[in-house]
Amino acid sequence: MAPRTAGHTKNAHHLVARDVVLLLQTDPQRGLTHVEASRRRERYGPNSLPLVRTAGPLLRVLRQLHHPLVYVLLVAGVVTLAFGQLVDASVILGVVLLNTVVGFVQESKAEAALDALRAMMRTHARVLRDGRERTVPSEAVVPGDVVLVEAGDKVPADLRLIQRAGLRVDESALTGESVPVVKDDVALPATIPVADRRNMLYSGTLVATGSGAGVVVATGADTELGEIHRLVGAADRLATPLTRKLARFSRVLTVIILVLAAVTFAIGVARGKGAVEWFTAAVA
């Protein structure tokens, strides 16, 4: 029978290994049965990060133009071009184009970061199934699997160590720690940060030396790497007090610019000056 939820053991670092094994209803010597592993995969899904639906190139370009100040520049550029002021129109539209390109590139880099995180999870894993060691794609790993690791392996999921021998793991991709971390299987305080959880192996990290075995306690989006993936994917939707104030300021600034430009143009025309000349001055 599958455990009620994988989330029960995500913070398994403060439990002794025996309790983790019991909680996940697995066998540290034989692992899961093939039938039970299939049931858990149906219940928890594949061990992979969710594919984030992203906008197409055209929509991403249009999003860069969706700003009040850009609207003002576009209208000014088109009207200036209609008046035959090619140099002024080229400068105005060039500014809009540069802003669009920069924004498009930045958004594309954020999407590339999400793809890189998904790629970090893809590997092969050595697991115990029915008492025998088997090599399976990382997507097939499920909570409760007993995973075997050795030097050079990429960790396929979040594991609670139950055995280790001279185990050191490169966790720089997750924690920024430049030196491989020495691992052991001793229970730790519940409040200890991720970087200090010596009895855990995290998805996407690399085994530098030694070997060990661990029980899978979190897969896919429930892993620490999955949490980073979620935060990166939500970054463009995050509204802070500063960004809200900047948005309000840009709207107010747009209104002020339009009013000043209209007043400038009206005064110039009222004095009998050429409409083209004063429209250029208003745009400036």
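Author: Buried means under 20% relative accessible area, exposed over 50%, and partly exposed in between, with a 1.4 Å probe and protein chains only. This is a predicted model, in which local features need pLDDT of at least 70 and side-chain atom pairs count only at pLDDT 80 or more, while totals for chains, interfaces and linings use all residues. Residues are numbered from 1 along each chain as its sequence is written, and side-chain values use heavy atoms, with hydrogens and water left out.

Reader: Among contacts between residues at least 6 apart in sequence, what percentage joins residues at least 24 apart?

Author: A contact means heavy atoms within 4.5 Å. Ala282 in helix α9 (residues 275–283) touches Ala261, Thr264 and Phe265, leaving out residues up to four places away in sequence. For the protein chain, among contacts between residues at least 6 apart, the part joining residues at least 24 apart is 70%.

Reader: Is Glu171 buried or exposed?

Author: Glu171 sits in the loop between β4 (158–170) and α6 (172–175). Beyond four places in sequence, Glu171 touches Gly176, Glu177, Val181, Lys183, Ala195, Met200, Tyr202 and Thr205. With a relative accessibility of 1%, Glu171 counts as buried.

Reader: Which residues do salt bridges with shared partners join into one network?

Author: The side chains of Glu133 and Arg126 meet in a salt bridge at 3.1 Å, N to O, and Glu150 pairs with Arg126 at 3.8 Å between the closest N and O atoms. Glu150 is in strand β3 (residues 146–150) and Arg126 in strand β1 (residues 124–129), so this pair ties together parts 24 residues apart in sequence. Through shared partners, the network joins Arg126, Glu133, Glu150 and Asp153.

Reader: Glu36 and Arg39 meet in a salt bridge; how far is N from O?

Author: Both residues lie in helix α2 (residues 34–44), three residues apart, about one turn of the helix. Glu36 is buried, at 9% relative accessible area. The N to O distance in the salt bridge of Glu36 and Arg39 is 3.6 Å.

Reader: Which helix gives the most to the nonpolar patch?

Author: Patches are made of residues with over 30% relative accessible area and no salt bridge, like charges being joined within 9 Å and nonpolar side chains (Val, Leu, Ile, Met, Phe, Trp, Tyr) within 5 Å. Leu73, Val87, Val91 and Val95 make a nonpolar surface patch of about 340 Å² (Shrake-Rupley method with a 1.4 Å probe; for residues, only the protein chains shown count as cover). Val87, at 62% relative accessibility, counts as exposed. With three residues, the most is given by helix α5 (residues 86–121).

Key: Helix = DSSP H or I, 4+ residues; strand = E, 2+ residues; numbered from the N terminus. Salt bridge = Lys/Arg side-chain N within 4 Å of Asp/Glu carboxyl O.
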